[in-house]
Amino acid sequence: MYEDNFYTDEDLDFSEADGNGLPDGLDSIHSWDYFAPEETERRDDFTGMSASDANIEEPLRSLLRMIRQQPWQITAAKAFYEQALFMADYEEDAPIVGFMSYFPSFRDMSVPQLRSYFAIRRQLRLGKFPDVSLSYIFVYVYETLMKVGVNTAEEGYEILSEINEAYRKSEPKLGKYLTPWLRDYVVYNNLSSHFPEVFKAEREQDDTIAILSSLDTADEQALFSTFCDLGKYDPRKGALFTKERSCLVSCTAAVLRQLVPVLEKSLHHRIGTLFAGKRVKRSTSMFSNALFYDPSPVRNVEIEVSPFHRYFCRGGLWTRDEYVGDNSYFAKLVGAILREIDCQLRELLDVKPRLKPSIHVLPYREQICDAVKAWIAEDKRRLAAEEAERRRVSINYGKLGRIRNDADVIKDKLLDGVPTEDDIASTELMPSIELAPSLEPMPPIEPTSSMESMPAVSIEPVPPVVSTPPAETSPSQPSHDEESRERAFLKLILTGGDWRQYLRSIHVPEGVMVENINNEMVDKIGDIVIEDNGDGIQLIDDYREDIERIIYNNV
């Protein structure tokens with residue numbers, strides 16, 4: 001039937017008789033392996049051996065007898081299973097002859113070809129992959145699908161995977177059949193540990209649907225990458241992505257969150273349906289086009305291979321979930337939307353070259369424009385808030401020790417050159433100052449009544465300012481005349497010297513020295529070399545060799 005422009009199968013009805021959907025008296029599809037012929041005919045047994053059969057080994061002779069006496073009513077798959085089980089341990093060491101047959105089995109081989117097959121099978125079981133006819137390989141694959149010659153289903157999966165990998169390039173036709181058989185094999189035997197690798201495409205589709213179904217909570221980068229993978233236009237290959245990557249990712253996610261509800265309302269489908277199609281349940285055939293028989297077939301089971309993909313078996317009949325639809329229009333529409341966002345952002349951010357608007361997005365251009373402008377305004381408010389927060393004054397208590405050291409250095413520098421009491425006591429009084437001859441002395445000031453009442457004030461002579469010579473550099477400290485202060489400081493850092501005492505002696509705060517050195521090293525080696533991690537300043541070990549080269553080679 002048709003629904004919402006998508007064709008879907010009607011649900012299968014398993015309500016008949018015993019609940020498996022089969023005619024009365026049949027509990028499995030494999031009950032059809034035998035059927036009654038319309039007329040019973042007498043068929044002579046081919047027990048006689050020809051002259052060429054005289055030298056055939058007994059296991060191979062028995063196999064030929066089984067083939068010749070095979071009832072015509074039995075299905076080819078069941079007959080092959082019984083013959084393969086009988087010959088499971090047989091080995092040959094014979095020359096390889098050619099063999100070509102569609103849907104090959106033992107019945108299609110001559111005696112030399114049977115010998116060749118069992119010789120080839122021995123090599124395959126040893127992990128060797130000879131260059132032989134593809135028909136031989138198919139026979140071995142059929143045996144493995146039926147778990148003939150293998151101990152567990154897991155071992156069978158490993159064998160099939162190795163064959164697929166070994167002949168993938170030389171025999172591409174094999175992969176066309178073996179790849180879907182591997183999927184059926186892990187489902188039929190419920191090898192859940194291999195679901196992620198075998199159903200990789202289905203799981204990726206489920207992940208995409210999950211992101212499309214949760215736009216509001218999805219990560220911006222995940223949302224951006226998902227739509228870029230879905231659309232026919234990929235902005236990750238453009239100039240804007242190279243120059244303004246974060247802006248493009250964030251703006252695209254914001255626009256899509258506003259635009260997708262508009263698309264869903266306009267196209268009358270959820271975004272997940274527009275991408276994947278309508279989810280339906282369809283009948284499927286396990287190991288299609290292969291010779292496969294199981295004496296104890298799976299009857300009723302439900303297997304989930306991914307969140308949105310499941311297999312069901314009811315009475316031996318298999319169905320599976322799948323998505324039906326054509327997403328070519330959706331891919332074109334998504335590409336046009338991404339291109340329009342890229343186009344408008346380049347215009348607003350002045351990024352060249354410019355893009356021409358696409359006609360495919362004309363019905364949604366106004367919504368996209370409004371959403372892009374809204375994001376630009378919101379981004380400006382966010383940047384302003386971050387700048388205001390950055391300018392807020394905060395106290396880093398871990399750097400109080402450094403602040404105290406800087407204060408001590410500044411204090412020493414302010415007190416440097418101020419005469420002590422001993423300096424003042426040992427200094428003679430300044431001589432009296434005589435007036436220049438060209439200047440007449442000031443006339444005496446007549447005391448006034450107000451001055452008479454003032455007490456006498458004795459004026460002490462001011463001692464001269466005595467400049468103390470700079471302290472000599474101790475032998476353990478670098479000379480200021482021979483090298484710069486920054487180099488001397490770095491030497492002390494490298495050798496573990498008392499750099500704090502050195503800073504106090506030259507009256508330079510710790511923060512000033514560190515900033516000067518880091519600014520200089522950014523120009524020379526492209527990064528800072530001293531950092532404060534809360535326990536005091538330290539030299540970054542990655543740049544120790546660079547600092548030694550600069551200091552000792554006078555770079």
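A residue counts as buried under 20% relative accessible area, as exposed over 50%, and as partly exposed in between. In this predicted model, Lys147 has a relative accessible area of 30% and is therefore partly exposed. Lys147 belongs to the loop between α4 and α5 (153-166). Its backbone has a positive phi of about 60°, although Lys147 is not a glycine.

Asp350 lies in the loop between α13 and α14. With a relative accessibility of 53%, Asp350 counts as exposed. The loop between α13 and α14 also holds Pro353. The peptide bond that joins Lys352 to Pro353 is cis, with omega near 0°.

The axes of helix α13 (residues 328-349) and helix α14 (residues 365-391) come within 10 Å and cross at roughly 45°. At this angle, α13 is oblique to α14. The crossing of α13 past α14 is right-handed. On the α13 side, the contact is made by Ile337, Glu340, Ile341, Gln344, Leu345, Leu348 and Leu349. On the α14 side, Arg365, Ile368, Cys369, Val372, Trp375 and Ile376 take part. Sorted by class, the contact of α13 with α14 has 10 nonpolar residues, one polar residue and two charged residues.

Helix α14 also packs against helix α11 (residues 245-267), at an angle of about 135° and with the axes 9 Å apart. The pair α11 and α14 is therefore oblique. Here too the crossing is right-handed, with α11 passing α14. The α11 residues in the contact are Cys247, Ser250, Cys251, Ala254, Val255, Gln258, Leu259 and Val262. They meet Gln367, Ile368, Ala371, Val372 and Trp375 of α14. By class, the contact of α11 with α14 has 10 nonpolar and three polar residues, and no charged residues. Ile368, Val372 and Trp375 of α14 take part in the contact with α13 and also in the contact with α11.

Helix α8 (residues 200-212) has 13 residues. From its first C-alpha to its last, α8 reaches 18 Å, close to the 18 Å expected at 1.5 Å a residue. The buried residues of α8 are Glu202, Asp206, Thr208, Ile209, Ile211 and Leu212. These buried residues pack against both helices and strands. The helices are α6 (172-188), α9 (220-230) and α12 (271-276), and the strands are β4 (300-306), β5 (309-314) and β6 (317-324).

In helix α1 (residues 58-68), the buried residues are Leu60, Arg61, Ser62, Leu63, Leu64 and Ile67. Their packing partners are α2 (76-86) and α3 (111-125).

Helix α4 (residues 134-145) contains Val141. The relative accessible area of Val141 is 0%, so this residue is buried. Not counting residues up to four places away in sequence, Val141 touches Leu160, Ile163, Leu178 and Trp181. Val141 and Trp181 are 40 residues apart in sequence, and their C-alpha atoms are 9.6 Å apart in space.

Notes
Residues numbered from 1 in each chain as written. Predicted model: local features only at pLDDT ≥ 70, side-chain atom pairs only at ≥ 80, totals over all residues. Heavy atoms only, no water. Axes fitted to C-alpha atoms, helices over the stretch in contact; angles between N-to-C directions. Helix = DSSP H or I, 4+ residues; strand = E, 2+ residues; numbered from the N terminus. Parallel < 35°, antiparallel > 145°, perpendicular 65-115°, else oblique. Left-handed = near helix turned anticlockwise from the far one by under 90°. Contact = heavy atoms within 4.5 Å. Nonpolar A, V, L, I, M, F, W, Y, C, P; charged D, E, K, R; others polar. Expected span 1.5 Å × (residues − 1). Buried < 20%, exposed > 50% of the residue type's maximum accessible area, 1.4 Å probe, protein only.
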